[in-house]
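I opened my notebook to get to know a new structure. Come along and look things up with me.

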Amino acid sequence: MMSPRFIFVSVFALSIAGAHADLDFNRDIRPILSANCFACHGPDEESREGKLRLDTAGGAQKALKPVDDPELLYRIETDDEDDLMPPPDSGHQLTGLQKELLGKWVAAGAPYDEHWSFQRPRKQAVPEGVHAIDHFVSKRLQKDGLEMSEPADRYALIRRLSLDLTGLPPTLEEAEEFQKSGDLNKAVDRLLASGAFGEHWARMWLDLARYADTKGYEKDRGRNIWRYRDWVIDALNADMPFDQFTSEQLAGDLLPNASVDQILATAFHRNTMENDEGGTDDEEFRVAAVKDRVDTTIQVWMGLTMGCAKCHTHKYDPISIKDYYSFYAFFNQTEDADRGTPVMATPTNKQQGEIEVLEAEVKDLEEKLKARSEEFHSAFAKWKTKIGEGPLWVPLRLHGQKTRAAKLQQSADGVLTVNGELPEKDTWILTFDLPAGQPVTALRIDAPTKKPGGKWKDKNVALRELTAELMVDGEEPRKLKLVNPRADFSQKGWDVAKAIDGSTEAGWAFSPRADMPHVAIFDFDKPIPGGKLRLTLEQEYGQGLIFETCQVSVSRVSSKWLAAEVDSQGGLKSVFLTRVYEPTRKMNARVAQVLEKLEQVKRDIPKTPIMRELAANRRRVTRVHRRGSFLDQGEVVVARLPGMFGALPDGAPANRLGVARWLTHSENPLTARVMVNRIWARLFGKGIVETEEDFGMQGSVPTHPELLDWLAVDYQEQGWSLKQLLKTMVLSKTYQQSAKVTQDRLAKDPRNALLSRGARFRLSAEMVRDQALAASGLLTRELGGPSVMPPQPSGVWKSTYSGETWKNATGADRYRRGVYTYLKRTSPYPAFTTFDAGSGEVCQIRRIRTNTPLQALITLNDTSYLEAAGALSKKMKDLEHGFRLVLIRPPSTRELTRLQDLYKTMKNHYQNNVEAAAEFLKSAGLREGDAAMVSVANVLLNLDETLMKP
C-alpha cells in the first residue's frame, strides 16, 4: 500500500491522456492547484515539501504514477486532520466543487497543460461579415442562455464614446450631429484625432510609469520630469506603434543616432524614487530603483509578479531568484545612482521653435557683419588715425613685488604665476611700469583657470579688495580712484563692484564658474600719465582662494569702448566694429540682444532625468542578492531572460534595447495580451483577465480566451496601433449595447462578465473633474506644459525641510485637465486619491473603484466643483439646457419638473437668506448671480448618471 503522503499527491498523478470533454485544465484545475498546493509543491525549492513539484508536468510525473485506486482521493476527503491536504493550519480548504473537479480530472487521466498565458496566442477564424468581438461574445452568451442587449440610444453612445476616447464629454453640437447622422465611424475618427485623446490615455500610462512631480521618501522634493508626461501625450496622439513606444522608453538612449525625444522617453524608468535624506546610502537606493525597474517592466509589459522572486524563487510562477537577478543585470548598467543625474535639456516644441528662429537671426546678422563695406574700411582708417595706432590692451611689466607668502614670476607675455603651491591666504603689493606716451584710461585683470589637482579643491578666487596708487619719481604716491567696475561674470554676493568698495567683507569671485577664465575692468576716474602703478590685491579669505595666474593690462582707448570680454584679440577693429561705427554697432547690439534672449530661452529649458548606459570600463558585476539584501551578494550572474522565456531574439543586443525588442517580439506570449486586456478593461470596466496585474498562476482565468487571443494577434498585425485597437473595440455591437439591466441578465450575469449589456461604472478621478470643468466651460484646452496646482484645502500639503507650499493656481492654469495636476508622492491631490488615484510611489496597474461618502463631499463642496457649478449656472440658458450641458440627452418631463421644483425651493430659500446667497456665490467664484441656479448646477454635476459611464 502507498505511503499516506503519496496517497494524497497521487490525486494529481499526471499523464498526457485525453481530457474529459467538459474539463479544462487551465480553467478548472490549475487555479485549484495554484491556490492550494503550489506554495509547498511549486517552483520554490526552499519551501518545497516531500521533493514533490506539482507546477510542471515533468516534475510531477517524475514522482508520481497513475494509480487506479479509490483511496487516491483519501487525503482531500478525509476528516483526519493529520492526513488532510491541504493541512488545516495552511489556511486553505477545498470546497465541495473543487473536490468534485479534482475527481473528474483524475478520472479523465489527470491531463496537464502548459499555463495558458505562456502559450503563444492564436487567432481563430471568424465568420465572414461578423465582427470578431461580437462573434466570440455572442458564442459565450448563447452557451449561458443569453443574448446581447439592444443598442444604446445615440445620446448615450456619443457621450460614452467621447468619455472613453478623450476623457471629456461631447459638446451639444457634436451630440446633435451624431443624433442626426448616426455616423459612428466619423465620430470615432474625430475623437481619435483630438489632442484630448493623448491626454486621456496618457493618464493610464502614467499610472503604470509611477509618474509623479516629486522624488518621494522623507523630503519628497520636487523633480522636473513633466516633459516625460508630455512625451507620452504626444506619442499617443501620434499613434506611435507600441513596439516603438516600448523601445524608446526602455532604451531610447541605446538607439542609433538617438534624438532628444527618444532619450527623453527613457525618463519612464527615472520615475523611480530618490532619497535626499542626509546620511543615506546612495547604493542602497540605487539598487532599490533598479529592482523597481525590473518589477515594473515585467508587470507593465507581461503582467507577471516577478518582484516576488527578488528574495526567493517565486512560489507560483516558474521564476527563480537567479532568473530575477539575471534579468536585473540588464538594468544594472545605468549611470544614475540616487543622485538626480544624469539629466538632459529637453526643450518643448515652442522652445525649440524659438531657438531656431533666434539662431537663424544671429546667423543672418553675423553674415552681414562679416561683409564689411568700403565705407566701413574708410571710416575705420580715419578713426584709427584720430586715436593712434597700438593694441587695445597693453600687459604691464612687473617692477617689484611684496607678498606675505607667495612668490610671483612673470612670463614674456606678461602673465604672473605663483611659484609653487598656493598659500592659504595672501596680500600682494605689486608695482608695474606704465607705458610711456598717451595717458591710460582703464585697468584690466585677467584670471585664467587654475590647473587641476593641488592642495586646494576649490578653484575659485576671492579678490576682497583692490587699491591703486600712482608713483612718480620725486613725488609722494597718489591714491587713484577706480570707477565703473565690470566683469564678464561675478559670483552671487561677490560682485566685482565690491572689490573697490573699501570693505573686505566681500569682493570679486566667480563660483560656480571657476572652471572658466574671467576678466574684470576698472576705469581710472581720470586718465593717468606715465610712471609706476602700484596695486594692492587683498586675498585674505583663506582656503587658497588666490590667483594662481593673472595678467594686469592697461588701455589708452576711451573707457566707453572697453567691455569686459575674456577674448579681446579683436583689438581696435573690434572696438570700432562693435562700439563706434553706427551701422555695425546697431547690428552688434541686436546680436547681443538676440543672444541674451536665446540664452534666456535655453535657461528656461527643463532638464529632465534620463537613462544613460555606463561606459564599458565602468560596468558593474551583478550578483544574486541573498534574501533580497544588496549587502549579502552571492553568485555572479550574466544578463539573460528568465529561463521559461528562452533567449533574446536573434541579433538583439544583451542590454535594455534587447529586452525591449524581446517584449514586443512575435514569440512573446504575453505583451500583446496584457496590453489589449488593459485597454479592454478601460472600456468595459474590467479585463477579459480581471487580474490585469497577474497573468501568472495566481491570476484570473480569461472569461473569453479566444477573444483575448484574437485581439492580441490582431493588435500586432495592425502594427501595434492603439487607435486601431480602440476603433476595433468601439465599433463592435458588444461595446454599443445599452447598459440597462434586466432581471434575467442580472441573475445569469451579475457582474457583466459575459458582456450581456453595456458597461456602466464610475468615471475615473480625473474624468469626474474634467467633465465638470468641460460642461461648465471652464476647462483650459492647452496641451502640455509644467504641472499646475489647482485648488485644494489649505493645510493638506506640508513639506518637510523644503518649505515648499501648495499655491493654488490662478487664471487658465486653475482649470487645466487633471493629467497636469502636480503630484506630490507623500501628499497627493486629495480630490483624486479619494477617487482611487495613486501616489506614484509604485507602478499602479489598475485602480480599484471604491465608493465612499468622501467622494460625495468632494463633488459637492470642493472648490473646483463649486466653481464649475458657478460657471455652469452662468452658461445655462434654462434648466433644460443645463441638464443637457451635463448629461447630453434631453430630460424627461418628470426630470425637468423635479429640477423646476428644486429651483423654486432654493430661490425661496436664498430670497429669505441674502447673506447665505452671497456667501454661496462667493464660494462658487462669483461676485453676482443666481444662487438658486448655482444650486441646481451643483446638483446636476453630482447626479449618479453624471459620475457614471452611460
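My entries below go through cavities, a pocket, a helix pair, a sheet and some backbone details.

**Before starting.** I remind myself that this is a predicted model.

**Cavities.** I began with a search of the whole structure, and it turned up four cavities of 30 Å³ or more. The largest cavity holds about 80 Å³ of space. Which residues line the largest cavity? I noted M204, W205, L236, D239, M240, P241, F242, F245, M675, Y715, W720 and L722. Two elements, α11 (195-208) and α13 (242-251), each give two or more residues to this lining. Sorted by class, the lining has eleven nonpolar residues, no polar ones and one charged one.

I then turned to the second largest cavity, with a volume of about 50 Å³. Its lining is made of 13 residues, and P448, T449, K450, V461 and F510 are the ones nearest its centre. I wrote down seven nonpolar, three polar and three charged residues for this lining.

**A helix pair.** Next I looked up α22 (residues 671-684) and α23 (residues 705-717). How do I describe two packed helices? I use the angle between their axes and the distance between the axes. The axes of α22 and α23 come within 8 Å and cross at roughly 110°. An angle from 65 to 115 degrees counts as roughly perpendicular, so I put down α22 and α23 as roughly perpendicular to each other. On the α22 side, the contact is made by A672, R673, M675, V676, N677 and W680. On the α23 side I found L707, L708, D709, L711, A712, Y715 and Q716. By class, this contact has nine nonpolar, two polar and two charged residues. Going back to my cavity entry, I spotted M675 and Y715 in the lining of the largest cavity.

**The sheet.** I followed an open sheet of five strands in the order β3-β6-β12-β8-β9, and its pairing is antiparallel. Which are the edge strands? They are β3 (397-403) and β9 (478-480), each of which pairs on one side only. From one strand to the next, the twist averages 25°.

The elements giving two or more residues to the lining are α17 (349-370), α19 (571-580) and α20 (582-604). Which element gives the most? That is α20, with eight residues. The class count for this lining is ten nonpolar, three polar and eight charged.

**Backbone details.** I kept the backbone for the end. Most residues other than glycine have a negative phi, and most peptide bonds are trans. I looked for departures from this. The peptide bond from T341 to P342 is cis, with omega near 0°. P342 sits in the loop between α16 (321-331) and β1 (343-345). Another cis peptide bond joins S511 and P512, with omega about 10°. I located P512 in the loop between β10 (482-487) and β11 (518-528). D220 is not a glycine, yet has a positive phi of about 50°. I found D220 in the loop between α11 and α12 (226-237).

Methods
Residues are numbered from 1 along each chain as its sequence is written. This is a predicted model: local features need pLDDT of at least 70, side-chain atom pairs count only at pLDDT 80 or more; totals for chains, interfaces and linings use all residues. Side-chain values use heavy atoms; hydrogens and water are left out. On a 1 Å grid over the protein atoms alone, a cavity is a set of points where a 1.4 Å probe fits but cannot get out, and a pocket is an open set with protein on both sides within 12 Å along at least five of seven lines; lining residues have an atom within 4 Å of a point. Grid points are joined across faces, edges and corners, and a volume is the space filled by probe spheres set on the points. Helices (H or I, at least four residues) and strands (E, at least two) are DSSP runs, numbered from the N terminus. Ala, Val, Leu, Ile, Met, Phe, Trp, Tyr, Cys and Pro count as nonpolar, Asp, Glu, Lys and Arg as charged, and the others, Gly among them, as polar. Axes are lines fitted to C-alpha atoms, for helices over the stretch in contact, and angles run from 0 to 180 degrees between N-to-C directions. Angles under 35 degrees count as roughly parallel, over 145 as roughly antiparallel, 65 to 115 as roughly perpendicular and the rest as oblique. Contact means heavy atoms within 4.5 Å. Two strands pair if DSSP finds at least two bridges between them.
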